[in-house]
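This report is written for someone meeting the structure for the first time. Please look over the sequence and the model before reading on.

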Amino acid sequence: MMKRNYMCVNCMEPSTSLYQRYSEGVIRLSNCKKCGEVVDKYVEYDTMLVVIDLIIHNISAYRHLLYNMKIQSHFRLAVIFLFCDAYDKWISGRTGVYNIYDLEWIFYKSLLQSSIEMGTYVGLIVLCEVVFHSHRLERIAAVTKGTIIGYYGNVAVVFSIIFRLSNEFSYRFVTQFFIFISHFQVQRTLYPKLPAAVNFTIVTCGVVASMASGFLCRHLLEY
């Protein structure tokens, strides 16, 4: 069986292990051969502490999540993020509408728009990977899964429901900016050798293309 390769969350040096197990409940974290630091300090962190570091966009937390953490189902996460975004759009679009069939149709339109927006962004990032970097299916799958993770900010819709923030400009600006930064951090994690300016440009182009496709979808569905 092939050993899984991990990454040092400090310098991105590959590592064959995150820790050595001496007995049940007794482990010793592995040190990076390049920088000498612990390969992945998050191994011993509670999930909530990892989430906090993700919220403040700590690049080490993104490296832990994308390279050293085994996520069971990226498809399930993609569906959750997709429906969160669609629900957020539906809340904003249902203002003044009371007919149950119209509300249902608005949700379907919102879901389609969210699907197109997410598909456009992920597709553009994958296209860049195929054209400029690698054709290996394993790498393409890793880029796709990592890019999907960047949408975790969509779950903020829970707070918009609780505090009725959906129609507030400040809420929408903050959430969209948060998601943009998370995409940027994911891009930096997936392509650490690229300059930050290049990663920023790629993410910006992807976000603009995503917004444009969503606008076009909404415009066509209104006819």
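## Strand pairing and the hairpin

Two strands count as paired if DSSP finds at least two bridges between them. The model described here is predicted. In it, strand β3, residues 19-23, and strand β4, residues 26-29, run antiparallel and are joined by four bridges.

Among the facing residues, Y19 has L29 of β4 opposite it, and R21 has I27 of β4 as its bridge partner. The hairpin that β3 and β4 make has two residues between the strands, and G25 takes a positive phi near 85° there.

## Overall layout

The protein has eight helices and four strands. Read from the N terminus, the order of elements is β-β-β-β-α-α-α-α-α-α-α-α. Along the principal axes, the C-alpha atoms fill a box of roughly 65 × 40 × 35 Å.

The protein is divided into two parts, with domain 1 covering 6-54 and domain 2 covering 74-222. The centres of domain 1 and domain 2, taken over C-alpha atoms, are separated by 30 Å.

## Annotated transmembrane regions

An unreviewed UniProt entry places the feature "transmembrane region" at residues 142-163 and at residues 198-221. In the model, the span 142-163 is 68% helix and 0% strand, and its end C-alpha atoms lie 36 Å apart. The span 198-221 is 100% helix and 0% strand, with its end C-alpha atoms 35 Å apart.

## The largest pocket

The largest pocket holds about 1,200 Å³ of space. It is lined by 27 residues, of which L66, Y67, E138, R139 and A142 are the closest to its centre. The elements that give two or more residues to this lining are β1 (6-7), α2 (59-68) and α5 (137-149). The most comes from α5, with six residues.

By class, the lining of the largest pocket has 15 nonpolar, four polar and eight charged residues.

Two or more residues each come from α3, α4 (100-132), α7 and α8 (196-221).

The largest share of the lining of the second largest pocket is the 10 residues from α4. By class, this lining has 16 nonpolar, nine polar and nine charged residues.

Side chains of opposite charge can pair when their charged atoms come close. The model has five salt bridges, counted with a cut-off of 4 Å between a side-chain nitrogen of Lys or Arg and a carboxyl oxygen of Asp or Glu. One of them joins K89 to D85, with the closest N and O atoms 2.6 Å apart.

How far apart are K89 and D85 along helix α3? They are four residues apart in α3, so about one helical turn separates them.

## The cavity

The structure holds one cavity of 30 Å³ or more. The volume of the largest cavity is about 80 Å³. Its lining consists of C84, D85, D88, G153, N154, A156, V157, Y171, T175, Q176 and I179. The elements that give two or more residues to this lining are α3 (74-93) and α7 (169-190).

Helix α7 has the largest share of the cavity lining, with four residues. The lining residues divide into five nonpolar, four polar and two charged.

How values were computed. Residues are numbered from 1 along each chain as its sequence is written. This is a predicted model: local features need pLDDT of at least 70, side-chain atom pairs count only at pLDDT 80 or more; totals for chains, interfaces and linings use all residues. Side-chain values use heavy atoms; hydrogens and water are left out. On a 1 Å grid over the protein atoms alone, a cavity is a set of points where a 1.4 Å probe fits but cannot get out, and a pocket is an open set with protein on both sides within 12 Å along at least five of seven lines; lining residues have an atom within 4 Å of a point. Grid points are joined across faces, edges and corners, and a volume is the space filled by probe spheres set on the points. Ala, Val, Leu, Ile, Met, Phe, Trp, Tyr, Cys and Pro count as nonpolar, Asp, Glu, Lys and Arg as charged, and the others, Gly among them, as polar. UniProt positions are given in the numbering used here, feature names are shortened, and annotations may be inferred rather than shown by experiment. Domain bounds come from an automatic or database domain assignment.
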